[in-house]
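I opened a notebook page for this structure and wrote down what I looked up, entry by entry. The sequence and the model come before the notes.

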Amino acid sequence: MSLNYSMTLGRPRRPLIHGLFTAARVLMLMQLAFSSTMLLLRPSIVMTVVRHLGYPDYFPLGLGAAKFLALVVLAVPSPRRLKEWAYAGATFDLLAASVSHFAVGDSLVRCLSPLPILLILAGSYVSFVRGDKGKSKEPMRGVATSDSG
């Protein structure tokens with residue numbers, strides 16, 4: 001009697017895990033596209049939330065531009081360091097959104113509402129890091145490093 005190794009537990013999970021990471025990346029890019037568009041267009045629903053949180057009316061333009069730049073950097077081939085900064089910026093944005101809702105006394109549900117998006121972002125980041133294994137860790141061109149003379 002021989003074992004069919006394609007039916008073991010280790011084999012089917014890899015495509016499933018890869019699919020989950022891919023889905024996280026696509027969802028994260030869609031969220032950045034939607035939120036940057038809404039912030040740049042500044043419809044009344046966005047402005048109501050911005051004012052409720054105590055931010056000035058020009059705030060959505062800067063945040064929307066930053067999110068759009070992150071979207072571009074994460075969607076197209078870009079230097080690793082730029083991608084890391086885009087992930088960091090998106091993380092700061094989601095954490096700051098949660099803290100902002102907490103600071104104005106919003107409900108716990110509203111305060112925690114950015115956190116599921118943060119989990120999607122984390123899945124996308126893990127996919128980025130895993131996909132980068134084995135690749136060279138070359139610095140960006142024109143950027144000085146500690147070992148360059």
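**Entry 1: an aromatic residue**

Is Tyr55 buried, partly exposed or exposed? I looked up its relative accessibility, which is 29%, so Tyr55 counts as partly exposed. The cut-offs I needed were under 20% for buried and over 50% for exposed. I note here that the model is predicted.

I then looked for aromatic pairs and found a count of four. In one of them, the ring centres of Tyr55 and Phe59 are 4.4 Å apart and the planes make 10 degrees, so I logged the pair as stacked. Planes under 30 degrees apart count as stacked. Phe59 is partly exposed too, with a relative accessible area of 30%. I also wrote down one aromatic cluster, which is formed by Tyr87, Tyr125 and Phe128.

**Entry 2: the chain as a whole**

I looked up the secondary structure next. The protein chain has six helices and zero strands. Its pattern along the sequence reads α-α-α-α-α-α. The chain has 149 residues, and buried residues make up 25% of them.

**Entry 3: helix α6**

How far apart are the end C-alpha atoms of helix α6? I found 24 Å. The helix runs over residues 115-131, which is 17 residues, and at 1.5 Å a residue these should span 24 Å, so the two values agree. Then I listed the buried residues of α6, and they are Leu118, Leu121, Gly123, Ser124 and Phe128. Phe128 had already come up as a member of the aromatic cluster.

**Entry 4: salt bridges**

How many salt bridges does the structure hold? I counted three.

One joins the side chains of Arg51 and Asp57, at 2.9 Å from N to O. Asp57 is partly exposed, with a relative accessible area of 36%.

Another joins the side chains of Lys67 and Asp93, at 3.0 Å from N to O. This pair links distant parts of the chain, since Lys67 is in helix α3 and Asp93 is in helix α4, 26 residues apart. I checked the accessibility of both partners. Lys67 is buried, at 9% relative accessible area. Asp93 comes to 18% and therefore also counts as buried, the cut-off being under 20%.

In the bridge between Arg80 and Glu84, the closest N and O atoms are 3.1 Å apart. Why are Arg80 and Glu84 separated by about one helical turn? They are four residues apart in helix α4. An α-helix has 3.6 residues a turn, so residues three or four places apart point the same way. Arg80 is partly exposed at 28%, and Glu84 is partly exposed at 29%.

**Entry 5: the largest pocket**

I looked up the largest pocket and found about 730 Å³ of space in it. The lining has 24 residues, and the closest to the pocket centre are Leu39, Val49, Lys67, Ala97 and His101. Lys67 is the buried salt-bridge partner from the entry above.

Which helices each supply at least two residues of this lining? They are α1 (10-41), α2 (44-52), α3 (59-75) and α4 (80-103). The largest share comes from α4, with six residues. By class, I wrote down 16 nonpolar, five polar and three charged residues for the pocket lining.

**Entry 6: the largest cavity**

I searched for cavities of 30 Å³ or more, and the count is one. The largest cavity has a volume of about 40 Å³. Its lining is made of Met28, Gln31, Leu32, Lys67, Ala90, Asp93, Leu94, Ile117 and Leu121. The elements giving two or more residues to this lining are α1, α4 and α6. The classes are six nonpolar, one polar and two charged residues. Lys67 and Asp93, which line this cavity, are joined by a salt bridge. Leu121, also in the cavity lining, is on my list of buried residues in α6.

**Entry 7: one leucine**

Is Leu41 buried or exposed? Its relative accessible area is 64%, so I logged Leu41 as exposed. Leu41 lies in helix α1.

Key. Residues are numbered from 1 along each chain as its sequence is written. This is a predicted model: local features need pLDDT of at least 70, side-chain atom pairs count only at pLDDT 80 or more; totals for chains, interfaces and linings use all residues. Side-chain values use heavy atoms; hydrogens and water are left out. On a 1 Å grid over the protein atoms alone, a cavity is a set of points where a 1.4 Å probe fits but cannot get out, and a pocket is an open set with protein on both sides within 12 Å along at least five of seven lines; lining residues have an atom within 4 Å of a point. Grid points are joined across faces, edges and corners, and a volume is the space filled by probe spheres set on the points. Ala, Val, Leu, Ile, Met, Phe, Trp, Tyr, Cys and Pro count as nonpolar, Asp, Glu, Lys and Arg as charged, and the others, Gly among them, as polar. The expected span of a helix is 1.5 Å times one less than its number of residues. Buried means under 20% relative accessible area, exposed over 50%, partly exposed in between (1.4 Å probe, protein chains only). Rings of Phe, Tyr and Trp (its six-membered ring) pair if their centres lie within 6.5 Å; planes under 30 degrees apart count as stacked, over 60 as edge-to-face and the rest as tilted. A salt bridge is a side-chain nitrogen of Lys or Arg within 4 Å of a carboxyl oxygen of Asp or Glu.
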